[in-house]
Each structure stands twice: as structure tokens, then as C-alpha cells.
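Trainee: I would like to go through this model one question at a time. Please give the cut-offs as the terms come up.

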Amino acid sequence: MIEKRIAGKITAAETLQLHVHLAGCSVCKIYQQQSMLINKVFVGFANNDFKLDEAFKKMLNEKIEKEINKN
């Protein structure tokens, strides 16, 4: 439902279910933060067949960790 919500295709009932679930599930909260950050980074890319180099992967992981640790 997190991905569905990010895509903007979630119903009111699903929003409520997700909100209740996230209130008690720290793993899903982290997943949601990571997913939102990844979507922000890759907005505008038309080609999904590209590969990330190791330096970019490392930088992306560091940004994700930094965002997670801010909260």
C-alpha cells in the first residue's frame, strides 16, 4: 500500500489501514521513508534499464541512512 499511496492510487479505506499499520510498524515506516526518497531521486528518468555504478549506490545508501537517522 505504501507504493500504491506514492503513486496516488490509494482509497480512503486503504489510507486508514496504512495509517494504523504505520503507527505500530517501525519496519514499514523505514520502508516508506526509503521508498519516498528513492522516488524523489529517480523522478524524471524515462529509461528503467540503466545500471547504477558502485559509487552512486554508495552515495545513495549514505543519503538514505542520513534521512532515516534524522527522524
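Trainee: How many disulfides does the structure hold?

Mentor: This is a predicted model, in which local features need pLDDT of at least 70, side-chain atom pairs count only at pLDDT 80 or more, and totals for chains, interfaces and linings use all residues. Residues are numbered from 1 along each chain as its sequence is written, and side-chain values use heavy atoms, with hydrogens and water left out. A disulfide is a pair of cysteine sulfur atoms within 2.5 Å. The sulfur of C25 has its closest cysteine sulfur in C28, 3.5 Å away, which is too far for a bond, and the number of disulfides in the structure is 0.

Trainee: Is C25 buried or exposed?

Mentor: Buried means under 20% relative accessible area, exposed over 50%, and partly exposed in between, with a 1.4 Å probe and protein chains only. C28 has 22% and is therefore partly exposed. C25 has a relative accessible area of 18%, so C25 is buried.

Trainee: Which elements make up the chain?

Mentor: Helices (H or I, at least four residues) and strands (E, at least two) are DSSP runs, numbered from the N terminus. From the N terminus on, the order is α-α-α-α. The count is 0 strands and 4 helices.

Trainee: Why does the length of α2 agree with that of a helix?

Mentor: The expected span of a helix is 1.5 Å times one less than its number of residues. Helix α2 covers residues 12-24, which is 13 residues, so it should span 18 Å. The end C-alpha atoms of α2 are in agreement with this, at 19 Å.

Trainee: Which residues of α2 are buried, and how are they arranged?

Mentor: The arc used here is that of the directions from the helix axis to the C-beta atoms. Seen down the axis of α2, its buried residues fall within an arc of 65°, so they line one face. The face turned away from that buried side carries the exposed residues A12, L16, H19, V20, A23 and G24. The buried residues are E14, L18 and L22.

Trainee: What do the buried residues of α2 pack against?

Mentor: Contact means heavy atoms within 4.5 Å. For these buried residues of α2, the packing partners are α1 (2-6) and α3.

Trainee: How are α2 and α3 oriented to each other?

Mentor: Axes are lines fitted to C-alpha atoms, for helices over the stretch in contact, and angles run from 0 to 180 degrees between N-to-C directions. Angles under 35 degrees count as roughly parallel, over 145 as roughly antiparallel, 65 to 115 as roughly perpendicular and the rest as oblique. The two axes come within 6 Å and cross at roughly 115°. Helices α2 and α3 are therefore roughly perpendicular.

Trainee: Which residues make that contact?

Mentor: On the α2 side, they are L18, H21, L22, A23 and G24. On the α3 side, they are S26, C28, K29 and Q32.

Trainee: Which residues does S35 touch, not counting residues up to four places away in sequence?

Mentor: S35 is located in helix α3. With a relative accessible area of 7%, S35 is buried. Leaving out residues up to four places away in sequence, S35 touches E3 and I6.

Trainee: Where is F56, and which residues does F56 touch?

Mentor: F56 is in helix α4 (residues 54-70). Its relative accessibility is 27%, so F56 counts as partly exposed. Not counting residues up to four places away in sequence, F56 touches V41 and F42.
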